[in-house]
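Let's take a friendly walk through the charged side chains of a protein model. Have a look at the picture first, and then we will follow some pairs together.

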Amino acid sequence: EGEVQLRQYSREYRASVRECIDGLAAEEAAARRDSTARADAADDLAAELEQHEWAECIMHLAEIFFLEPGEYVGEALVRWVQLHVVEPAATAPLTSALVPEQHADFWPTFHRLLLHGRMAEARELLGAHTQLRAHAALGAPVRAGADGEPSVGELLGYLDLLIENRPTLSSADQLLDFRGHWRAWLEDAAMLGRRHERDLPAGALTALRILRGDERALLEGTGGWTSLVLALVVHAQPTLRRSELDAVVNYAIAQFPEDNYSDNDYILMAIMLDNPSEALDNIAATYGRGWLLCHLSDLLARAGQVAPRPVDASSADAADGATDHALALRDYSRVLSATRGLWQLAAGYLAPLPRPLARACVGALVRAEPPSTDAKAD
């Protein structure tokens, strides 16, 4: 299969997981409302929901790094972080306040939106600043550079204009033009900060540091290595190629204590560091030999990203020519076959297996009687 077809499979897998997530979320909410439900029923559903959310997150990141074309992953990482890593900022209480900028969360929320690449939402929040609104109500144009003694509202209007006109890079064909636009844009941002350091609110000056890729500002504003990777790629090194990302990832990892990392973090690290085999090993250790390992290992094998590894010679499956890829399919087939009515679906997962192993597995399926299976089958 071609890359386009494999990406389509990945998206279909993620869509299936998303349906399960939505269903589990509804079940959990209902269980918490039901006073007659088993005490830990909602907690069990919440744990299952979290596992599905991580499966979607991991599958999506692997799709970006191993299946999507292109040298630049910045825009794709923005989408991934927004969907899976950070919760949406609660801007409604701020934008609806009488004087939003007096709220303690106004500037920190604005900074988080910038760090996470949510430029449209950042501009919406900035637009609620009373002095910017007052300036906009006058209908006066924002003067580039804002010479003289401009009002705070005009300066914030120029900051808003900078964010709106921030260059983005999505393909190598744009690289030459992008570099010129990026240099000019950085100089405009630096000029605003230099000329009006005393006039701009402190929160706006911090925002300019973030936009210009100041590493200290990025580190102070992010709470984890994944968010720092995104902030560095978006704001500090937007021309970084996929093949050069490992240095940024390793730098981000080094900024946070290792004892804060979860098993899921190690899976994500392996993907970002272009080590699909290690990612699959970590998935097996964390989630077992179930749906995620089966489907992701199959996608990566078909894409040529991993070479199937023969099982240990001492294994009972070695004589049948088994590989780690084949065993991932077989093991998930066994999971399916344990459920009433799914034996035919389970058999479908055995088709890519080496013939001796497939024959033995199909025979076991035919002989087995799954729990709760009716005595008479159609």
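This is a predicted model: local features need pLDDT of at least 70, side-chain atom pairs count only at pLDDT 80 or more; totals for chains, interfaces and linings use all residues.

Residues are numbered from 1 along each chain as its sequence is written, and side-chain values use heavy atoms, with hydrogens and water left out.

Side chains of opposite charge can pair when their charged atoms come close. A salt bridge here is a side-chain nitrogen of Lys or Arg within 4 Å of a carboxyl oxygen of Asp or Glu. How many salt bridges does the structure hold? There are 21.

Start with Glu 3 and Arg 7, whose side chains form a salt bridge at 3.9 Å, N to O. Both lie in helix H1 (residues 3-33), four residues apart, about one turn of the helix. Helices are DSSP runs (H or I, at least four residues), numbered from the N terminus. Glu 3 is exposed at 54% relative accessibility, while Arg 7 is buried at 11%. Buried means under 20% relative accessible area, exposed over 50%, and partly exposed in between (1.4 Å probe, protein chains only).

Next, Arg 309 and Asp 324 meet in a salt bridge at 2.8 Å, N to O. This pair links distant parts of the chain, 15 residues apart: Arg 309 sits in the loop between helix H16 (291-302) and helix H17 (324-337), and Asp 324 in helix H17. Arg 309 is partly exposed at 33%, and Asp 324 is partly exposed at 26%.

Finally, Arg 11, Arg 14 and Glu 63 are joined in a network of salt bridges.

Terms used:
Helices (H or I, at least four residues) and strands (E, at least two) are DSSP runs, numbered from the N terminus.
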